[in-house]
Amino acid sequence: MSIRLASINEAEIARINDIYNESAVRKFLTADTEPTTLTDRIKWLLAYNQTEYPVYVAVQNYEVVGWIAIRPYREGRAALKHTKEVSYYVSKDWERQGIGTQLLQHVLNEVPNLAVRNLVAIVLEKNLGSIKLLEKFNFRRWGLLPAVADFNGELCGHLYFGLAIGQEAPVSRKSIIDNNILSFVY
């Protein structure tokens, strides 16, 4: 398997979109509940330059089997310019084969070149595969938005995981647990 920057051609963008849409259909892998259009995916990919905000694809036998993207976190807010969000998706036919691990490792090798101080991943709390992957790479749970995602009446929380790049993560002096919500007081 190889990992490279995504090509800006319709066939490859269509495959990236297909993999994403698999997640929307399967539930709890993304907060989207309907598939996205190829036109929307093309606009999404072209909205950012590949130097600052790359999209990498995992390719096996000339087929895109997964992808990972670095995007702005809270775009337009200057104080957050060194915090970026990572998102990744693997085709359901290629899950549990180490592709997500290889994609995330590749990005972590690249982030020093991208002026990233903090990398954030936002996942649904029922997405146990992503949680396990992030924890494997020492991402820590930085926050929870409880019961904010509604899948036809089935509520799910949104977890924020973070990784401080090249620095120690801040340590709280006191943590408070209230109704299964962990808050930090400094």
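Author: Gladly! Start with Arg-71, which lies over the face of Trp-44, 4.4 Å from the ring centre. A charge counts as over a ring if NZ of Lys or CZ of Arg is within 6 Å of the ring centre and within 35 degrees of the ring normal. The charged end of Arg-41 also sits over the ring of Trp-44, at 4.7 Å from its centre. This is a predicted model, where local features need pLDDT of at least 70, side-chain atom pairs count only at pLDDT 80 or more, and totals for chains, interfaces and linings use all residues. Residues are numbered from 1 along each chain as its sequence is written, and side-chain values use heavy atoms, leaving out hydrogens and water.

Reader: How many aromatic pairs does a search of the whole structure find?

Author: A pair of aromatic rings is described by the distance of the centres and the angle of the planes. Rings of Phe, Tyr and Trp (its six-membered ring) pair if their centres lie within 6.5 Å; planes under 30 degrees apart are stacked, over 60 edge-to-face, and the rest tilted. The search finds six. Tyr-20 and Trp-67 make a tilted pair, 6.5 Å centre to centre with 40 degrees between the planes.

Reader: Which rings are linked into a cluster by ring pairs?

Author: Tyr-20, Trp-44, Trp-67 and Tyr-89. The Tyr-20 and Tyr-89 planes meet at 75 degrees with centres 4.9 Å apart, so this pair is edge-to-face.

Reader: Is Tyr-20 buried or exposed?

Author: Buried means under 20% relative accessible area, exposed over 50%, partly exposed in between (1.4 Å probe, protein chains only). Tyr-20 has 8% relative accessibility, so Tyr-20 counts as buried.
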